[in-house]
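Colleague: Hi! Could you walk me through this model, starting with the sheet?

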Amino acid sequence: PKVWSYCRGMEEEEVKLFVQNLEHRKEGLDQWSRSQLVQVDRRKMEYEEVRMASELMNQELEAQKQNLMKRRENLRQKRESDQNQISELEANLEQLELKKQDFPSKMERLVKVVEGENQSIGSLTRKLDFLRTEGEKRFPNLQQALAWYEDLLALHIDPGPQSTVRLTWTHLVETDPSKQASISLKSSQHGLLVTEVDPLIEFEDLLIRFNDNEDLCAFVSALRDRFLSKLTP
């Protein structure tokens, strides 16, 4: 009853496409989330390596600084004859100090990057959990519903490579019921993308409108109308 209440006013093939798109979006988000987790782990390891290298470098710089300071004090005792060497050592000390001061800022930037990515992954995880829960509530008998829609509406939905889905209509032309029209869609972070369409129709405005308002019913209905206009003399 929840399914029919939610889908009231929608055509059966539009409901099916909505469900299929939801599943593919979830799959795409799962894959993207896993890849982000891998990247975050790798960056954490890089951050730890930088932190350890920074500590070692700071110790080395401090040791070099102390050594240079001792050498400078000895050279100063020689007064004017050694003034050039003292100037060179002071310049080296300044460069080493700048390098030492730069390491904390680099570490801080890396920490912010890791924290930002952790927040993004947490947000995606919450979205995935919500989609999975909503899907289970709204479509407990999803496979039976999809099979019924295909048989009744002559709309076939087939999964394709790289998270694409292919919609194929038949019985569009009364004199040739077997004549097909199809379009392949792919879910991305920015909405639906069209990867293939046959026969060729104008779909860009429909795609832009759907990605703005996510009205799946209107999108599928408009696609079918465009195919009908293309195939019907």
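**Sheet and cavities**

Modeller: Happy to! There is an open sheet of 4 strands in the order S1-S2-S3-S4, with antiparallel pairing. Two strands pair if DSSP finds at least two bridges between them, and helices (H or I, at least four residues) and strands (E, at least two) are DSSP runs numbered from the N terminus. This is a predicted model, where local features need pLDDT of at least 70, side-chain atom pairs count only at pLDDT 80 or more, and totals for chains, interfaces and linings use all residues. Residues are numbered from 1 along each chain as its sequence is written, and side-chain values use heavy atoms, leaving out hydrogens and water.

Colleague: Which strands stand at the edges?

Modeller: Strand S1 (155-159) and strand S4 (191-198) do; each has a single partner strand, so one side of each is left without a neighbour in the sheet.

Colleague: And by how many degrees are neighbouring strands turned against each other?

Modeller: On average by 25 degrees, direction ignored. Axes here are lines fitted to C-alpha atoms, for helices over the stretch in contact, and angles run from 0 to 180 degrees between N-to-C directions.

Colleague: Over how many bridges do S3 and S4 pair?

Modeller: They pair over 7 bridges, in the antiparallel sense. In S4, Leu193 stands opposite Lys186.

Colleague: What lies across S2, S3 and S4?

Modeller: Helix H6 (residues 216-231) does, running at about 150 degrees to S3. Contact means heavy atoms within 4.5 Å.

Colleague: New topic! How many cavities of 30 Å³ or more does the structure hold?

Modeller: It holds 2 of them. A cavity is a set of points, on a 1 Å grid over the protein atoms alone, where a 1.4 Å probe fits but cannot get out; lining residues have an atom within 4 Å of a point. Grid points are joined across faces, edges and corners, and a volume is the space filled by probe spheres set on the points.

Colleague: What lines the largest cavity?

Modeller: Its lining includes Leu61, Glu62 and Leu93, and the volume is about 50 Å³. H3 gives the largest share of that lining, 4 residues. By class there are 3 nonpolar, no polar and 4 charged residues. Ala, Val, Leu, Ile, Met, Phe, Trp, Tyr, Cys and Pro count as nonpolar, Asp, Glu, Lys and Arg as charged, and the others, Gly among them, as polar.

Colleague: And what volume has the second largest cavity?

Modeller: About 40 Å³. Among the residues lining the second largest cavity are Leu17, His24 and Lys186.

Methods: 1 Å grid on protein atoms, 1.4 Å probe; cavity = no way out; pocket = protein on both sides within 12 Å on 5 of 7 lines; lining within 4 Å.
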